[in-house]
Amino acid sequence: TNFPCPWAQMIYLLLVIHSMFTPLIVTSFTSSYQWAIPVTFLPVFSMFALNQVAAQLEMPFGTDDNDLPLAHFQLEFNQSLLLLTHEMADHLPSTGRNSKTNVDDLSCILGAALAKSNSKVFETMNFDDEPEILKLEVPKLEEKAMERTKKFFM
């Protein structure tokens, strides 16, 4: 969220006042003007630089070079959700009757976005092989979990 406008204006006003009074105070304490220039420049420049960094961090959503890549984050999130609906996933989510749960159908919907993605999520996972751990049936796992909870509370 953005800083309130009066707050940002007050910070800028204080920075300007700081930059006007710092040279006066530094010259009153130093006898050499060669030292007064860098001793004045360093804190004033640092304060303005910190203000600019804070302004950039204030709004990280946009199209600047250092903003967050929200479109890429959304695409990665969608791909992760697609992996949850694959038949080889450990726990399938429940969905409505008319919803598409096949990975191929959902991939066709996102076809253009998935083709442009440089994510390796689908390339690294091989769903053709059926490891033994994925052959366990969910009801058996639920029964085992119920047995364990009964033993724990008894």
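A residue counts as buried under 20% relative accessible area, as exposed over 50%, and as partly exposed in between. In this predicted model, Y12 has a relative accessible area of 48%, so Y12 is partly exposed. F48, at 26% relative accessibility, also counts as partly exposed.

The whole structure contains two aromatic pairs. Y12 and F48 form an edge-to-face pair, with 6.3 Å from centre to centre and 80° between the planes. This pair links distant parts of the chain, since Y12 lies in helix α1 and F48 in helix α2, 36 residues apart.

F41 and F45 form a stacked aromatic pair, with 5.3 Å from centre to centre and 15° between the planes. Because F41 and F45 are four residues apart in helix α2, about one helical turn separates them. F41 is exposed, at 52% relative accessibility, whereas F45 is partly exposed, at 48%.

## Packing of helices α1 and α2

Helix α1 (residues 5-29) packs with helix α2 (residues 33-58) at an angle of about 170°, and their axes are 9 Å apart. The two helices are therefore roughly antiparallel. Residues making the contact include Y12, L15 and V26 of α1 and V39, M47 and F48 of α2. The residues of this contact comprise 13 nonpolar, six polar and no charged.

## The loop residue D67

D67 is located in the loop between α2 and α3 (70-84). With a relative accessible area of 11%, D67 is buried. A polar atom of its side chain lies 3.4 Å from the backbone nitrogen of T63. Leaving aside residues up to four places away in sequence, D67 touches M59, P60, F61 and G62.

Key. Residues are numbered from 1 along each chain as its sequence is written. This is a predicted model: local features need pLDDT of at least 70, side-chain atom pairs count only at pLDDT 80 or more; totals for chains, interfaces and linings use all residues. Side-chain values use heavy atoms; hydrogens and water are left out. Axes are lines fitted to C-alpha atoms, for helices over the stretch in contact, and angles run from 0 to 180 degrees between N-to-C directions. Angles under 35 degrees count as roughly parallel, over 145 as roughly antiparallel, 65 to 115 as roughly perpendicular and the rest as oblique. Contact means heavy atoms within 4.5 Å. Ala, Val, Leu, Ile, Met, Phe, Trp, Tyr, Cys and Pro count as nonpolar, Asp, Glu, Lys and Arg as charged, and the others, Gly among them, as polar. Buried means under 20% relative accessible area, exposed over 50%, partly exposed in between (1.4 Å probe, protein chains only). A polar contact is a pair of N or O atoms within 3.5 Å; within protein, one must be able to donate a hydrogen and the other to accept it, and residues adjacent in sequence count only if both atoms are side-chain atoms. Rings of Phe, Tyr and Trp (its six-membered ring) pair if their centres lie within 6.5 Å; planes under 30 degrees apart count as stacked, over 60 as edge-to-face and the rest as tilted.
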